[in-house]
Amino acid sequence: MTKGNLNMKLIRAAGLIALGCVVSACGGKAPGSNARGGAVAPAVAAGPAAFWNGATVYFLLTDRFENGDPTNDHALGRPQDGAVLRSFQGGDLAGVLRKLEEGYFDSLGVDVIWMTPFEEQIHGSVDEGTGKTYGYHGYWTRDWTAVEPALGTRDDLRAVVDAAHRHGIRVLMDAVINHTGPVTPLDPPWPADWVRAGPNCAYRDYVTTVDCNLVATLPDIRTDRDDPVELPQWLTAKWQVEGRLDRELAGLDAFFQRTGYPRAPRYYVIKWLTDWVRELGFDGYRMDTAKHFEDAVSVELKHEAERAFTDWKTAHPDKVLDSLPFYMMGEVYGWAPSQGRDFNYGDRTVDFFTHGYDGLINFGFKGERGPLDSLFTRYAAVLHNELEGVAILNYVSSHDDGSPYDPDRKDAFGAGTRLMLAPGGAQIYYGDELARPLRVAGAQGDANLRSFMNWGDLAGGRSTAAILEHWRKLGRFRHAHPAVGAGEHRELQAEPYIFSRTLERNGVADRVLVAMDQGEGAKTIRVFGVFPDGATLIDAYSGTVGTVANGAIALTTPSGLVLLGERR
Ligand SMILES: [Ca+2]
Ligand SMILES: [Ca+2]
């Protein structure tokens, strides 16, 4: 263990104590221990679904977050001649590493980082009707085996994953298997037996959602075929120039020999995607466009990814965080928990949770309106019934959702409260915590949602700093208390609103009480028996400590929002 690593562990341990903590951890009786001899975090001990429903996931576009290395800004000679916010903008892996080392993610209580895909992108650009666009977003793969040079190097990527793990933060790899990048004058096509010529998806039923091109410019990989195919000549020539042709071919030979799979397109991609897990130790996938390829492919991919994760753990016992299994979260666009486990294609339903997925992104949360308790009660109920044992990820804004919860950032505080206190995993989309604008003059379509991180607002404006501080307090509360996202919900009082969450599982017992609209200054809050008389509680929002007496706690805090957990 490095000195920095030790210091970080001490800092995080101190943070847990300062914020009030989970019963078993504070009592020193957390079940099990991790490979490094430390106690397993209660959120982990409570099991995978509880961990992921309690987790805070920070989703960032690597190209738009932080520029840590200006020397790669013009990699591959790409000109910055795209439409507004549609060229590469300079953000990179070195920038993510810098923010990791600065403790930015720790300060937000982040448990997981999800970065856009890092693989080498098409070199040219296309116009899909919203202006000239480069592959800055990472979803236009040219070579699954290489790191996009504008984002950095393989060593930069390894450094990010290793640093995240040193901070106790997991990393989700954004994985694309449905399509290649567009064909451009600089980017040759994949062979005809790799991709389909058409038609474009009509989204009417299963076939017109799966066996089709998402848009005219995105060649759909023939994930349905089992016949062997050859590698594109241009790809082997590229590897030859890069001096790694023999290694790549030998790796493919070994993969196909071990698995017995035919050399069909999807198995090449599965090999390439899982190699990153085996080499770098990604903790899970966020599967892109999960409803646009066969559910059987997800099962095959998950199987190989689990094997790769086990191989990585065996090879790097000193880097293993704990026993949480490999996690796979799907982007099933349009799915919401209210639909239950089955996604309906029109003519067929698919339960993605029985096809490799441990969690799904919730596309319904951003559209939720109305009273908080209605939302919280419904979400907790579905998570503890139909969706028991699996996870959801809520968001208020995201990279390709043109209808965010708060498009004009009029309520950055309220959006934070709503998202971070809701049952289920919370996705912070980079800049939610700084009220980064979601409308940009001159930008078209999803480019509006992808402006460069507004660090300047944070440096220059007190209001932005106050918004960040709000999100940080909520994030650290979530981080310290898995009950917030994964616990049973109970409304205790309607006006002013008070609720509790309790999580008791696998020897973990965690409980919190949240009170809203309590006014500034002195306040007395009933605890409704959630905590016994004599319990010492800390308000994570103000840092104020008090003791329960006669069924209530008296506190003097500057805010009307109170986030109570036990302090031992
Ligand atoms: Ca850069
Ligand atoms: Ca497809």
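Which residue of β22 does Val512 stand opposite? I looked it up: the residue is Gly565.

**Basis.** I am working on a predicted model, where local features need pLDDT of at least 70 and side-chain atom pairs count only at pLDDT 80 or more, while totals for chains, interfaces and linings use all residues. Residues are numbered from 1 along each chain as written, chains are lettered from A and ligands numbered from 1 in written order, and side-chain values use heavy atoms, without hydrogens and water.

**Sheet.** I traced an open, antiparallel sheet of six strands, in the order β15-β16-β17-β22-β19-β20. Strands are DSSP runs of E, at least two residues, and helices runs of H or I, at least four, numbered from the N terminus; two strands pair if DSSP finds at least two bridges between them. β15 (488–493) and β20 (545–547) each have a single partner strand, so one side of each lacks a neighbour in the sheet. I then checked β17 (residues 508–515) against β22 (residues 562–566) and found four bridges.

**Calcium site.** I listed the protein donors of the calcium ion (ligand 1): Asn67 (OD1), Asp69 (O), Asn72 (OD1), Asp73 (OD), Gly90 (O) and Asp92 (OD), at 2.3 to 2.6 Å. Donors are N, O and S atoms within 2.8 Å of the metal (3.2 Å for Na, K and Ca); water is not among the atoms, so sites may look incomplete. Asn67 and Asp92 both sit in the loop between β1 (56–60) and α5 (93–102), 25 residues apart.

I noted Asn67 as partly exposed at 22% relative accessible area and Asp92 as buried at 0%. Buried means under 20%, exposed over 50%, partly exposed in between (1.4 Å probe, protein chains only).
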